[in-house]
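Notebook open, model loaded. I am jotting down what I look up as I go.

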Amino acid sequence: MPYYDEIELGDEIGPVEKVATDDEVSSFCEVWGTSSPNRFTDAETAAKSGMKGGPIVPGIMTMAMMAQLLTDWGGPGSIKDLDLVFRQPVPHNRALTLAATITDIREEDGENLAECDILMTGTEGERYIGGKAIVTLQSR
Amino acid sequence: MYLDMHSHSVSSDDSRATVEQYVKWIQVLRKRGHIVDGIVLTEHRKFDFDKNYSDLASQYDVLILKGSELDTRYGHFLVYGVTKQLTEAIDFGDTRMDSRELMKAARQYDAFALPAHPGRFGIGLTDYISQGETFEDVSIVERFNGGSRPGENERADELCESHGLLGIGGSDAHLTSHIATCMTNFNTTIRKEGDVVDALLSKDFHPVWLKDTINGASPT
Amino acid sequence: MAMEIEYDRSLYGVEHKAGPFEISDYTIDRANQSTGELGPAFTSDEGAKAAGYKGRIAPPTLCCILVRQVALPDVKVQFGKTSMHAGQRVEPKAPVYAGDRLTASSHLKDVYAKTGRSGTMVFVVWETTFSNQDGQIVAEVQESFARRE
């Protein structure tokens with residue numbers, strides 16, 4: 001895990017590539033307790049909701065994926081704030097690129113904070129999700 | 001000079017970047033060899049008369065100007081040189097206003113309004129023109145928009161070519177690291193909001209991408 | 001005039017309580033499996049202890065999964081037909097351990113209109129605070145939903 005003293009503005013976290021498969025989305029919807037049929041697992045319901053590309057990945061599932069990018073980097077308890085805007089529906093079974101960029105480094109109330117922009121993008125210029133995260137890090 | 005003509009700070013509901021974070025990030029871009037002289041904060045549906053960024057501007061040597069991005073029935077419009085009289089004449093929160101009236105009122109009260117991201121699908125000027133609407137007062141549009149999806153800036157290019165319009169560039173940043181991804185290169189000196197209006201009226205400017213502002217240092 | 005949105009303004013200032021939510025190993029396992037979470041502190045006591053925790057912890061977005069189980073009242077927005085999840089924010093405040101019992105308290109934060117690629121949209125924003133069995137706040141969650149024409 002990185003130390004606060006070692007990071008700089010502009011440092012990148014990731015990118016990592018992930019895919020949300022049909023099975024994973026179905027499993028997530030079960031845990032989540034979503035009623036069926038829904039636009040996440042059912043093509044017809046998705047079409048009725050205006051989703052032209054088929055069923056979509058739930059926003060909260062994509063959020064869990066974004067959180068993993070940060071906890072894999074900064075540690076399991078490192079996220080202080082994760083704030084995401086869902087800009088485009090995220091499709092199943094497609095390569096998703098997750099990456100963050102450190103945009104601010106500061107000490108606040110005795111904590112060492114790194115603030116980052118965090119993005120989920122597609123292979124053809126799609127900007128599925130954008131947002132901000134604040135991560136706490138240890139000093140060396 | 002290179003100005004990012006379209007950006008949103010946390011004063012806009014959907015932005016996550018503070019003005020301080022933008023100007024700090026501009027230092028990163030400068031270290032990487034890019035030229036960024038200033039930004040215009042075009043907050044959604046409002047004008048922040050009460051905000052003063054002069055300390056940040058001098059601390060980081062970045063020109064910080066204020067403008068607005070208004071929702072209209074014909075898409076979003078960027079407004080520069082906003083005056084008290086303009087905010088009294090036009091309700092900035094009215095998402096159904098007629099942008100033609102906005103453009104006229106802006107000029108009447110020493111400001112300038114122009115279409116943001118005209119190639120944007122569903123909400124860009126291109127779509128309204130193809131529906132038969134006419135916009136006689138439009139002479140400048142935002143040709144480069146950093147928030148565009150694939151194909152949208154190309155539609156703005158086509159609009160400029162087919163209608164003989166001038167273009168500006170703005171990042172449409174809502175996140176810190178997106179500031180200044182595209183800008184406008186003015187051949188005049190701009191120090192305050194009113195100068196932006198004069199610079200637009202001078203027609204002596206063109207849109208640029210950040211990558212084209214490398215000043216000799218090695219890009220990273 | 002700015003667009004006047006019709007909705008149930010009496011909901012402001014009202015807290016909607018939900019729970020308790022029992023956070024079992026099974027709950028955490030299922031959340032992990034469905035999101036591909038393999039972090040040692042989220043998957044075992046040993047992994048969590050190695051990271052300085054007293055036992056296995058839940059991943060930081062677990063409360064975002066639970067928040068959908070909070071029954072929120074209809075805001076009765078007189079606009080649009082389709083509602084989409086527009087944004088989500090979580091601020092973890094304290095670890096959530098396997099064995100915790102959480103309660104939630106939600107309130108309406110804001111309703112406002114704007115236009116985007118999909119035309120005019122009305123946003124409804126809810127805030128939920130999750131607390132554990134000791135009354136300690138473990139997470140603040142904010143959700144926004146967009147209704148479009």
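Which strands does helix α3 (residues 59-74) of chain A lie across? I looked, keeping in mind that this is a predicted model. Helix α3 of chain A lies across β1, β2, β3, β4 (111-121) and β5 of chain A, together with β2 (82-92) of chain C. Its direction is at about 145 degrees to β2(A).

**Sheet.** I traced ten strands in an open sheet, with antiparallel pairing. The order I wrote down is β1(A)-β3(A)-β4(A)-β5(A)-β2(A)-β2(C)-β5(C)-β4(C)-β3(C)-β1(C). In that order β2(A) sits next to β2(C), which is where chain A hands over to chain C. At the edges I found β1 (12-18) of chain A and β1 (16-22) of chain C, each pairing on one side only. Ignoring direction, neighbouring strands are turned by 20 degrees against each other on average.

**One pair up close.** I picked β3 (residues 101-116) and β4 (residues 119-131) of chain C. They pair in the antiparallel sense over 13 bridges. C:Gly116 stands opposite C:Gly119 of β4(C).

**Chain C overall.** I get four helices and five strands, running β-α-α-α-α-β-β-β-β from the N terminus. The C-alpha atoms fill a box of roughly 60 × 30 × 20 Å along the principal axes. Of the 149 residues in chain C, 36% count as buried. I also checked sequence separation: among contacts in chain C with a separation of 6 or more, 73% are between residues 24 or more positions apart.

**Chain A against chain B.** How many residues does each chain put into the contact? I read 13 from chain A and twelve from chain B. On the chain A side, β2 (79-86), β3 (96-108) and β5 (127-137) each supply at least two residues. By class, I have two nonpolar, six polar and five charged residues on that side of chain A.

**A helix in chain B.** I then went to α7 (residues 193-202) of chain B and asked which of its residues are buried. My list has B:Val196, B:Val197, B:Ala199 and B:Leu200. They are on the same side of α7(B), because they cover an arc of only 165 degrees around the axis. After α7(B) comes B:Lys203, and I noted its positive phi, near 65 degrees.

Conventions
Residues are numbered from 1 along each chain as its sequence is written. Chains are lettered from A and ligands numbered from 1 in the order in which they are written. This is a predicted model: local features need pLDDT of at least 70, side-chain atom pairs count only at pLDDT 80 or more; totals for chains, interfaces and linings use all residues. A residue is buried if 20 or more other C-beta atoms lie within 10 Å of its own, exposed if 12 or fewer, and partly exposed in between; C-beta atoms are placed from the backbone. Two residues are in contact if their C-beta atoms, placed from the backbone, lie within 7 Å. The arc is that of the directions from the helix axis to the C-beta atoms. Ala, Val, Leu, Ile, Met, Phe, Trp, Tyr, Cys and Pro count as nonpolar, Asp, Glu, Lys and Arg as charged, and the others, Gly among them, as polar. Two strands pair if DSSP finds at least two bridges between them. Axes are lines fitted to C-alpha atoms, for helices over the stretch in contact, and angles run from 0 to 180 degrees between N-to-C directions.
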